[in-house]
Amino acid sequence: MKDYKLSRLNLRAAFGKVESVENDMTGDYDEEFVPKVTLWAGDVTNTIAQQLTNLGTDRTTTRVIAVRHGNPITDKLLVQIDNDVYSITEINTDDSSVNSFDVISLKLKDGK
């Protein structure tokens, strides 16, 4: 991922959690995605070898994105891109240089 171009980071990805949030209109609490940090991200295409590696495993990936390395991302967070919410299935970090990227495999939450 060292040669990943910054110009390809054209998505806004919000990393956060689903929390109970009070509805101002009713006073009830609703489950809602609450962002903790928003980062620029870019879509990444899996190679054929990576796709074949995942065959026969329970690892299903809906989308793969890249973000700049050094951000506080864990697999406990959810990711919202546009109106879709994803869970993180895997994080591949690359801290070998100053301009390195982390590749994050995502799965659409609740199988939607």
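This report describes the fold, the surface charge and the salt bridges of a predicted protein model.

Residues are numbered from 1 along each chain as its sequence is written. Local features need pLDDT of at least 70 and side-chain atom pairs count only at pLDDT 80 or more, while totals for chains, interfaces and linings use all residues, and side-chain values use heavy atoms, with hydrogens and water left out.

The protein has 1 helix and 6 strands, which follow the order β-β-α-β-β-β-β from the N terminus; helices (H or I, at least four residues) and strands (E, at least two) are DSSP runs, numbered from the N terminus. Of its 112 residues, 30% count as buried, where buried means under 20% relative accessible area, exposed over 50%, and partly exposed in between (1.4 Å probe, protein chains only).

The structure holds 3 salt bridges, each defined as a side-chain nitrogen of Lys or Arg within 4 Å of a carboxyl oxygen of Asp or Glu.

| Salt bridge | N to O distance |
|---|---|
| Glu19 and Lys36 | 2.8 Å |
| Asp43 and Arg63 | 2.8 Å |
| Asp75 and Lys76 | 3.8 Å |

Arg63 is buried at 17% relative accessibility, whereas Asp43, at 34%, is partly exposed. In the remaining pair, Asp75 is partly exposed at 46% and Lys76 is exposed at 63%.
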